[in-house]
Amino acid sequence: MLKKLSFKLIFITLILSYFPKIVVGQSPQINNLEQSQQSNKYREGISESDLLDAAIYSNLGVVRQSKEQLGQALADFNRAIELNPKLAEAYINRGLVQARLEQWQQAFEDFDRAIALKPEYSKSYIYRGYIYALQNEFNLALADLEQAIELDRQNSHAYHVQSGIYILKQDWAKALESINQAIKIESDDPQNYIVRGLLYSDRFNKPNQAKADFNQAISLDPDSSYANLVRGIFYTQQEDWELALKDLNRAVRLDSANPQVYFSRGNVYALQQQWDKAEEDYELAARLNPDHPLVEARLEELEQQELIDNNARKLSDLQRSYEYNTRGFTHALKQEYDQALADLNRAIALNQEDAAIYYNRANIYLEQSQHQLALEDYNRAIELEPQFSAKTYFNRAGIYNIRNQWDKAIADYNQALKLDSNYALTYYHRGIIRLKQKQWLKAVADLEQTIELQPDNVQAYFNSGFGYMKLRQWSDAKNMYDQGLALAPDDGKAYFNRAIVLANLGDLAQSNADLLKAQSIFQVTGDQTNYQLVKKYLMRQKPQWIERSIK
C-alpha cells in the first residue's frame, strides 16, 4: 500500500504545479514615467498627458496584480492600452494576468502584440513560450525560448523556463542541461537548485547531488516554504521520517494555505501508520484544493486499510460547493467580480440544486448590468426554492421594471411582500409602477405604506403627493409635499408641484412664493428647462396653469 508508494507522480505534480508560479510570478514590467513622457519613438500623435497616464495605469495594474486583484489589474491595463496602444509593457502585463485567469487566447494576442512592438524584448518570448507549453505545443514553446536566449544569453530565467518546458515534454536530459546553464548564469537563485535537485532525485537517481542542491536552496532562502517542502519530500523518499517531518512542519508554518504541504506531511504520517494525523492532513489538503490529483487516492488507500470510516473521506461535492459559494460571496463583497464568478461557477458545477448559489451569481450579473444572465439565474433560484427570499423576487422585479414589463414586475413585488410584508422598498417600487399605470389610489396606498416603514424616504412623500394631485385631493397632496420638503428643502420640483397644490387650494401668495423658491433652486442647479418653465408661469396674470406638474 503506502509503503510501496512511488514518488515519481508526486515529483511531476509538484514541479508542474510550481511551474506557472515561476513564469507568471516574476516581476511584472514597471514603466519608467520619465521615459514615457520623453520618448518619441512610439508617440504617433499621442499627447504627453496620455503617455504619462498610460504609464501610471500600467504601473497601478502591476501593484494590483501583486495584491492578487486580477480583475482590477486587468481594467488598469486595458485603460493603459486605450491611452497608449504602443505601450508594450502594458500588453506584457495584461498577458500575464490573462495567463493567470487561464484566458490563453487573449494572453497569446497580448504577447504577440508586445513582440510586434518590441521584438528585442526577451521576456515576451519567455511568457509566450510558457503558454505554448501548457497547450502541449512544445516545438513552438521551445522556439520562443530559443529566441529569448538568442536575444539575451545571460538571462537565467529563460533557461529556467526552458528546463520547465523540457520537463513538460518529459525530456529529462535536456531539462537538466538547461537548468545547469541557469545555475551557471545565476548561482544564487534557490529555485534553480530546487529544479535540479528534483531532477537528480527522481529522474537520475543521484540522491547525494539532490540533497546538496536542496541544502543549497535552503541556505540561500531559509524561509522558502517550497524549498523546505521539496527537501521534506526527498527525506520521505529516503525514509528519514524525522528530517522529513522537520522540513514539512516548517513548510506548514511558512505557508499554511498550501495544500501540498499538508498532503506531503500526510504521506509521512501514513507511512509511519499514524492514521489519525494522516487523515487530518489529507482532509486539510482537500479543503484547500479539492482538485488535488492525489488526495482522493490517498484517502481511498486509508479506507482500504479500514483505519478510517467512510465519513472521513475527502469532502463531498456538496461541502466543496458550499466552500466555493462562500468564497465567491466574499470576493463579491470586495467587488472582485472575476474571482467571484469563477468560484460560483465551480460551486454550481459541483451542486446544481442550491438556490443560494444562483442567487449570488445573479446579483453579480445584475451589478454588471448583464440583465439576461441575472434573470436566468433568478429564475433558476426561484424554481429550486420558491420561498428562498423576498430579495430574489425584488431583484427580478427590478429587471422586469427596466424592461417595462410592469405586470411581471408587480407580480414579483406581490410575491416578495408575501415573504416579507415589511420590505419597504417593495411597496415603493410597486407604487411607482402604479403611478406609471395611472392607478392613483393603489399607488398612493403603496407609497404611504413605504412612509410608514421608512419615514425618511423623501421620494415616497413627493410621489405620494403627485398621486394625490392626480386624484385632486389637494389637502392630502399638500401634506405630503410639506413633509417631504421638511426632509429635503432643496428640491425645486417639489416646490413647483406644491405651488400647483396651493393654487388649487386658493393660497396664491404662498403658491407664488413656492414658484420663486423653485426658480431660485433651478437657477443654482443649472436646470434651465425648468427654470424657464417657472419663469413663464410667474409672468402670467392668472393661475391658468394650476393643474400642470413636474414629474
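Student: How many helices and strands does the protein have?
Tutor: In this predicted model, local features need pLDDT of at least 70, side-chain atom pairs count only at pLDDT 80 or more, and totals for chains, interfaces and linings use all residues. Residues are numbered from 1 along each chain as its sequence is written, and side-chain values use heavy atoms, without hydrogens and water. Helices (DSSP runs of H or I, at least four residues) and strands (E, at least two) are numbered from the N terminus. The secondary structure comes to 30 helices and 0 strands.

Student: What share of the 551 residues is buried?
Tutor: Buried means under 20% relative accessible area, with a 1.4 Å probe and protein chains only. By that criterion, the buried share of the 551 residues is 50%.

Student: Which residues touch the most other members of the largest nonpolar core?
Tutor: A nonpolar core is a set of buried Ala, Val, Leu, Ile, Met, Phe, Trp, Tyr and Cys residues joined through side-chain atoms within 4.5 Å. The largest has 76 residues. Those touching the most other members are Phe111, Ile131, Ile165, Ile194, Leu199 and Leu229.

Student: How are helix 12 and helix 13 oriented to each other?
Tutor: Helix 12 (residues 207-220) and helix 13 (residues 225-237) have axes 9 Å apart and pack at about 155 degrees. Axes are lines fitted to C-alpha atoms over the stretch in contact, and angles run from 0 to 180 degrees between N-to-C directions. Angles over 145 degrees count as roughly antiparallel. The two helices are therefore roughly antiparallel.

Notes:
Parallel < 35°, antiparallel > 145°, perpendicular 65-115°, else oblique.
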